[in-house]
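Hi,

Here's the model I promised to pass on.

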Amino acid sequence: MTRDRLTLRVRIHETADVEAAEKYWADIAGIDVSAFSRATLKKHNPRTVRKNTGDSYRGCLTIHVRQSAALYRRMEGAWYGIVGGAVRQPD
């Protein structure tokens, strides 16, 4: 798959450290921070009690693949194979 079909983006709350999150995900993915599209900032909702706060909060890495129907079907098939082949261990 060519890189021009991928869009990488960090989704994170607006009160968090976007640059630190992008560096974290770039290190995890083994890519340069410049490969990311502009981060998607989630608006703060004061009525929500968030548990994912503080220095360890890194947001989510989202990957969008253009024209990805065939890839999606292959991944879905692999997942069904994994789940279907799993055997529950007796307690």
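To start with, does Asp27 count as buried or exposed? Asp27 counts as exposed, because its relative accessibility is 51% and the cut-off for exposed is over 50%. Bear in mind that this is a predicted model.

Asp27 also has a charged partner: its side chain meets that of Lys23 in a salt bridge, 3.0 Å from N to O. The count of salt bridges comes to one. Both Asp27 and Lys23 sit in helix 1 (residues 18-29), four residues apart, or about one turn of the helix. Lys23, at 48% relative accessibility, is classed as partly exposed. As a general point, oppositely charged side chains can pair when their charged atoms come close.

Next, the aromatics. There is one aromatic pair by count. Tyr24 and Trp25 make it, in an edge-to-face arrangement with 5.1 Å centre to centre and 80 degrees between the planes. Tyr24 is partly exposed, with a relative accessible area of 34%, whereas Trp25 counts as buried at 19% relative accessibility.

Last, have a look at Thr7, in strand 1 (residues 6-13). Thr7 comes out at 18% relative accessibility, so it counts as buried, the cut-off being under 20%. Its side chain makes a polar contact of 3.0 Å with the side chain of Arg66. Setting aside neighbours within four places in sequence, Thr7 is in contact with Ser37, Thr62, Ile63, His64 and Arg66.

Cheers

Technical notes. Residues are numbered from 1 along each chain as its sequence is written. This is a predicted model: local features need pLDDT of at least 70, side-chain atom pairs count only at pLDDT 80 or more; totals for chains, interfaces and linings use all residues. Side-chain values use heavy atoms; hydrogens and water are left out. Helices (H or I, at least four residues) and strands (E, at least two) are DSSP runs, numbered from the N terminus. Buried means under 20% relative accessible area, exposed over 50%, partly exposed in between (1.4 Å probe, protein chains only). A polar contact is a pair of N or O atoms within 3.5 Å; within protein, one must be able to donate a hydrogen and the other to accept it, and residues adjacent in sequence count only if both atoms are side-chain atoms. Contact means heavy atoms within 4.5 Å. Rings of Phe, Tyr and Trp (its six-membered ring) pair if their centres lie within 6.5 Å; planes under 30 degrees apart count as stacked, over 60 as edge-to-face and the rest as tilted. A salt bridge is a side-chain nitrogen of Lys or Arg within 4 Å of a carboxyl oxygen of Asp or Glu.
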